[in-house]
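Please look through the structure below, and then read the short report that follows.

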Amino acid sequence: MIRGCIFDLDGVIVDTAKYHYLAWKRMASLLGVAFTEEDNEHLKGVSRMQSLQYILNKGGIKCSDEDKQKYAKAKNEWYVDYISTIDETEILPGAQELLIDLKKNNVGIALGSASKNAKPLLKNIHLIDFFDFISDGNSTEKSKPDPDVFLIAAKGLNLQPAYCIVFEDSVKGIEAALKGGFRSMGIGDKNVLNGAEHTMPGLSGLSWEVLEKLY
Ligand code: BG6
Ligand code: MG
């Protein structure tokens, strides 16, 4: 039944969610807005501009589009700086092993990430060649929980959503997967990702054999 796997990037394949958090915290502090890890949960899977809007709303800040572009650009420059030295050591446990196993079993592999930095990041950690198709923040303007980024990924794999499992660490991403008619695997806390069909703390221990049994 399952023919493809669509992976979110930040927090699923690579340990970059913490760098997004640091960069947003820095921006929030510059804007004088309190920013907690709980706030950060709302930003996971959300596009750069919508993340900024969340912080502006929280602080009750109104500003011009020009200023918004300036803030988003600054956050991205900090983020890119944080990840500039990233290498294979930041690949999350089990990710590479699962990709190898899926390839061996001829399962389609796609990326479904909101990030515009996805491709250079995948290159830096030397995982880009595993992906048959990349759908990222440059593929659509619609941010999760809209399913568009996953629908583009499924189309790229030439598969219907019902034949693909979406792997996601964010509430908004799981919501997007469900809306799009995908099967879903939450990566993280079962209580947080309670909409997901199955949840695992990470990709460790997952193989094609395990997934075939689960789905
Ligand atoms: C998602 C992250 O993968 O990408 C978000 O979970 C991030 O935290 C979003 O804001 C957009 O990323 P970027 O790299 O385009 O700013
Ligand atoms: Mg994520």
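Which polar backbone atom lies 2.6 Å from an oxygen atom of ligand 1? That atom belongs to lysine 116.

## About the model

This is a predicted model, in which local features need pLDDT of at least 70 and side-chain atom pairs count only at pLDDT 80 or more, while totals for chains, interfaces and linings use all residues. Residues are numbered from 1 along each chain as its sequence is written, chains are lettered from A and ligands numbered from 1 in the order written, and side-chain values use heavy atoms, with hydrogens and water left out.

## Around ligand 1

Ligand 1 has 13 residues around it (a heavy atom within 4 Å), and those that come nearest are Asp10, Arg48, Ser115, Lys116 and Asn117. An N or O atom in the side chain of arginine 48 is 2.7 Å from an oxygen atom of the ligand, and a polar side-chain atom of serine 115 lies 2.6 Å from an oxygen atom of ligand 1. Taken alone, ligand 1 exposes 400 Å², of which the protein buries 96% (Shrake-Rupley method, 1.4 Å probe).

## Two domains

An automatic or database assignment divides the chain into domain 1 (4-14 + 89-214) and domain 2 (17-83). The contact between them (heavy atoms within 4.5 Å) takes 14 residues from domain 1 and 16 residues from domain 2. The centres of the two domains, taken over C-alpha atoms, are separated by 24 Å, and each domain gives at least three residues to the shell around ligand 1.

Definitions and conventions:
A polar contact is a pair of N or O atoms within 3.5 Å; within protein, one must be able to donate a hydrogen and the other to accept it, and residues adjacent in sequence count only if both atoms are side-chain atoms.
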